[in-house]
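Colleague: I am new to reading protein models, and I would like to learn where the labels come from. Could you show me one and take me through it?

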Amino acid sequence: MADKGFVYLPDIVGMVNIVPNGILSRTVSRTDKVTAVVFSFGAGQELSEHTSAKAAIIQVLQGKAEIGLGGETFEVGPGSLIEMTPNLTHRVLALTDMIMLLLLLQ
């Protein structure tokens, strides 16, 4: 995908469907520097508290969520951007149907 020196994804939200009572994830791009994963959450679905060995960025694209970051909690919506250092404890709870983009930095 990055053979041309760029990755262009014209409609990330359209790359996943919302599944009631479920969470879907789809890796939409992978380069030697960044892996992009789009997630969809049905309202009430949760990724329980966990860590990642990699730095990461979350951008909420649609819907609302409660995101826990290292002991603090934030209510987020479309346009929210979160940058996380490696090994930060975090969790995601969808308050409504929600789509987010996760960028894992190499």
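Modeller: Let us start with a definition: helices (H or I, at least four residues) and strands (E, at least two) are DSSP runs, numbered from the N terminus. I82 is found in strand 7. This is a predicted model, where local features need pLDDT of at least 70, side-chain atom pairs count only at pLDDT 80 or more, and totals for chains, interfaces and linings use all residues. Residues are numbered from 1 along each chain as its sequence is written, and side-chain values use heavy atoms, with hydrogens and water left out.

Colleague: Why is I82 called buried?

Modeller: Buried means under 20% relative accessible area, exposed over 50%, and partly exposed in between (1.4 Å probe, protein chains only). I82 has a relative accessible area of 9%, so I82 is buried.

Colleague: What does I82 touch?

Modeller: Contact means heavy atoms within 4.5 Å. Not counting residues up to four places away in sequence, I82 touches A56, I57, I58, I67, L69 and V76.

Colleague: What makes strand 2 and strand 9 a pair?

Modeller: Two strands pair if DSSP finds at least two bridges between them. Eight bridges join strand 2 (residues 34-41) to strand 9 (residues 98-105), so these antiparallel strands pair. For example, S40 has I99 in strand 9 as its bridge partner.

Colleague: In what order do the strands of the open sheet lie?

Modeller: The open sheet has five strands in the order 1-2-9-4-7, with antiparallel pairing. Strand 1 (23-30) and strand 7 (81-84) each have a single partner strand, so they stand at the edges, with one side of each left without a neighbour in the sheet.

Colleague: And H90, is that residue buried or exposed?

Modeller: H90, which sits in strand 8 (residues 90-94), has a relative accessible area of 8%, so H90 is buried too.

Colleague: What does the side chain of H90 reach?

Modeller: The backbone oxygen of L88, at 2.8 Å. A polar contact is a pair of N or O atoms within 3.5 Å; within protein, one must be able to donate a hydrogen and the other to accept it, and residues adjacent in sequence count only if both atoms are side-chain atoms.
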